[in-house]
Amino acid sequence: MRYVMLFATLSCYLFAWPVWAQQIQLQNQVWSADLVRPSGQPLIPLYDGWFTNPDGTHTLCFSYFTLNTEQSFDLPRGELNEFDERFPEALVPTHFDPLPPAYRHVFCAFSIDVSADFSRNDRIVWRLTSNGQSLEVPGKLLPAYIMDEPASGGRGDIAPLVAVEEGGEAIRGRRGIHQRNLRAKVNEPLELRAWIEHAEPNIWVGWAHHSGNGSVEFDQREYEFEHDSGPATVRVNFSEAGEYVIRMQTIDDIAAFEFYCCHTNAYFYVTVGE
């Protein structure tokens, strides 16, 4: 049943735009009833939608889906991981984990802000090439893709409030909060912390390797958390020196991802030395 639901969800994305946007060439299609497999399947870039900010600018949210339950990918930004060159600052993920066990795709892994005069005819394209297949998705300001942010009046829900320093600035929503200038050493665990507030006593927290060349290990990747007990923490271990970004996402209930509201992102920038 879960895979049937996965197929239904994926189909909505594949055909939500003109066919060219997500079409897999006929010669590259492998006909099988098993849509999700351990490896050999492509990554699928997705466009979640957009919202307008108080200053009149707009934010577009991009996510991805993988059809692999075991295979991960490391795709540096470039030929295999192409994003609109007008936005070199975009926090495009370069590491892609296998299919998450408890939810269908990585919702709003990153976002990009555009000016107030960005028109409905403009678009931002993200293209991923993996396992011999190249797929792309356009981000556009279509009315049908307006997102509730950071709260949904209809559902009575709101994104958790997140700070990355105790008593520090706190942010709510997909644009996220960013903690920079963190340092670690190879094979020496680094503890990351996030202080979270929400009306619900228990929330979901998930940590992920967003970018960086080496392998990253977590002592716990996702869990339900009683936020009044203190900060959400994770111990992270890096296999190689380099620049990394760790992504944290939190939402009151993991099932609420399906309603596209309301979660908060946090990004931790780590320089790892020998």
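In which loop does cysteine 262 lie? Cysteine 262 is found in the loop between strand 19 and strand 20. The views below come from a predicted model.

**Figure 1. Overview of the predicted model, with one helix and 20 strands.** The protein has 274 residues, of which 51% are buried. Among contacts between residues at least 6 apart in sequence, 70% join residues at least 24 apart. The accessible surface amounts to about 13,200 Å², and carbon and sulfur atoms account for 50% of this area.

**Figure 2. The disulfide between cysteine 261 and cysteine 262.** The S to S distance in this pair is 1.6 Å, and the count of disulfides in the model is one. The torsion about the S-S bond is about 80 degrees, so the disulfide is right-handed. Both cysteine 261 and cysteine 262 are buried. The peptide bond that leads from cysteine 261 to cysteine 262 is cis, with omega near 10 degrees.

**Figure 3. The largest nonpolar core, a set of 29 residues.** The members that touch the most other members are Leu60, Phe62, Phe83, Ile124 and Trp126. Two or more residues each are contributed by strand 1 (43–52), strand 2 (58–66), strand 6 (106–114), strand 7 (124–130) and strand 20 (263–273). Strand 6 supplies the largest share, five residues. Apart from this core lies another, of 28 residues, which includes Val162, Val236, Ile246 and Met248. In soluble globular proteins, nonpolar side chains tend to be buried together.

**Figure 4. The surroundings of isoleucine 124.** With neighbours within four places in sequence left aside, isoleucine 124 is in contact with Leu60, Phe62, Phe83, Phe87, Ile112, Val114, Phe118, Val137 and Pro138, among others. Its partners also include Asp84, Arg86 and Gly139.

**Figure 5. Aspartate 252, a buried residue without a salt bridge.** Aspartate 252 is located in the loop between strand 19 (242–251) and strand 20. The nearest side chain of opposite charge belongs to arginine 155, 6.0 Å away. A salt bridge would require a side-chain nitrogen of Lys or Arg within 4 Å of a carboxyl oxygen. When residues up to four places away in sequence are not counted, aspartate 252 touches Asp157, Pro160, His198, Glu200, Asn202, Ile203 and Trp204.

**Figure 6. The cis peptide bond between glutamate 149 and proline 150.** Omega for this bond is about -5 degrees. Proline 150 lies in the loop that runs between strand 8 (133–139) and strand 9 (151–152). Most residues other than glycine have a negative phi, and most peptide bonds are trans.

**Figure 7. Cysteine 108 and asparagine 187, shown with their positive phi angles.** Cysteine 108 is not a glycine, yet its phi is positive, about 40 degrees. Cysteine 108 belongs to strand 6 and is buried, with a relative accessible area of 1%. For asparagine 187, also not a glycine, phi is positive at about 60 degrees. Asparagine 187 occupies the loop between strand 13 (177–185) and strand 14 (190–197). At 51% relative accessibility, asparagine 187 counts as exposed, the cut-off being over 50%.

**Figure 8. Cysteine 61, a buried residue.** The relative accessibility of cysteine 61 is 0%, and the residue therefore counts as buried.

Methods: Residues numbered from 1 in each chain as written. Heavy atoms only, no water. Helix = DSSP H or I, 4+ residues; strand = E, 2+ residues; numbered from the N terminus. Buried < 20%, exposed > 50% of the residue type's maximum accessible area, 1.4 Å probe, protein only. Contact = heavy atoms within 4.5 Å. Areas by Shrake-Rupley, 256 points an atom, 1.4 Å probe, with all protein chains shown as cover. Core = buried A, V, L, I, M, F, W, Y, C linked by side-chain atoms within 4.5 Å. Lys, Arg positive; Asp, Glu negative; His and termini not counted. Disulfide = S-S within 2.5 Å.
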